[in-house]
Amino acid sequence: MSGFTRGLRLWFAPERIREEGDTPDYRFSLANERTFLAWIRTALALIGGGFAVDQFLPGLAWGIRAGLALGLLAAGVLCALRAVGHWVRCERAMRRGEDLPASRFPALLSLVVALVAVAMVVVVVFGWEGR
């Protein structure tokens with residue numbers, strides 16, 4: 001079984017993680033869980049922002065509104081999926097006594113949010129009607 005498949009299985013059967021390595025100090029596992037929850041909160045905020053853009057900016061040209069909303073919604077979905085994947089990878093690394101995994105995802109998410117924010121600044125400066 002590939003590492004990806006095994007990692008994906010752990011999403012739905014986290015008790016299997018006990019089969020790997022030694023139990024780390026519970027404080028580290030709890031910190032990993034708090035990080036997971038922070039990512040989930042971020043995902044929910046991005047999804048809420050996507051819906052807010054779509055619902056509360058009806059005067060905005062449809063293409064711009066849909067693009068901004070879909071960008072935020074997609075970032076929220078990716079963030080939620082990445083949260084559980086990162087939780088599993090970190091938990092496995094701690095149990096194995098390995099270094100915690102590095103990730104480019106925070107940089108990617110930051111760029112997406114920054115692009116949407118710049119687009120929103122342009123919308124605010126140049127008006128709602130897309131003039």
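Tutor: Helix H2 has 31 residues and reaches 44 Å from its first C-alpha to its last, close to the 45 Å expected at 1.5 Å a residue. The expected span is 1.5 Å times one less than the number of residues; helices are DSSP runs (H or I, at least four residues), numbered from the N terminus. This is a predicted model, in which local features need pLDDT of at least 70, side-chain atom pairs count only at pLDDT 80 or more, and totals for chains, interfaces and linings use all residues. Residues are numbered from 1 along each chain as its sequence is written, and side-chain values use heavy atoms, leaving out hydrogens and water.

Student: Which residues in H2 are buried?

Tutor: Buried means under 20% relative accessible area, exposed over 50%, and partly exposed in between (1.4 Å probe, protein chains only). In H2, the buried residues are Ser29, Asn32, Ala43, Leu46, Gly50 and Val53. Their cover includes helix H3 (62-96) and helix H4 (105-126).

Student: Is Arg92 buried or exposed, and why?

Tutor: Arg92, in helix H3, counts as buried because its relative accessibility is 13%. By contact is meant heavy atoms within 4.5 Å. Leaving aside residues up to four places away in sequence, Arg92 touches Gly3, Arg6, Gly7, Leu10, Ile17 and Glu20.

Student: Where is Asp22 found?

Tutor: Asp22 lies in the loop between helix H1 (3-12) and helix H2 (26-56). Asp22 counts as exposed because its relative accessibility is 60%. The C-alpha atoms of Asp22 and Arg92 are 9.6 Å apart, although 70 residues separate the two along the chain.

Technical notes. Helix = DSSP H or I, 4+ residues; strand = E, 2+ residues; numbered from the N terminus.
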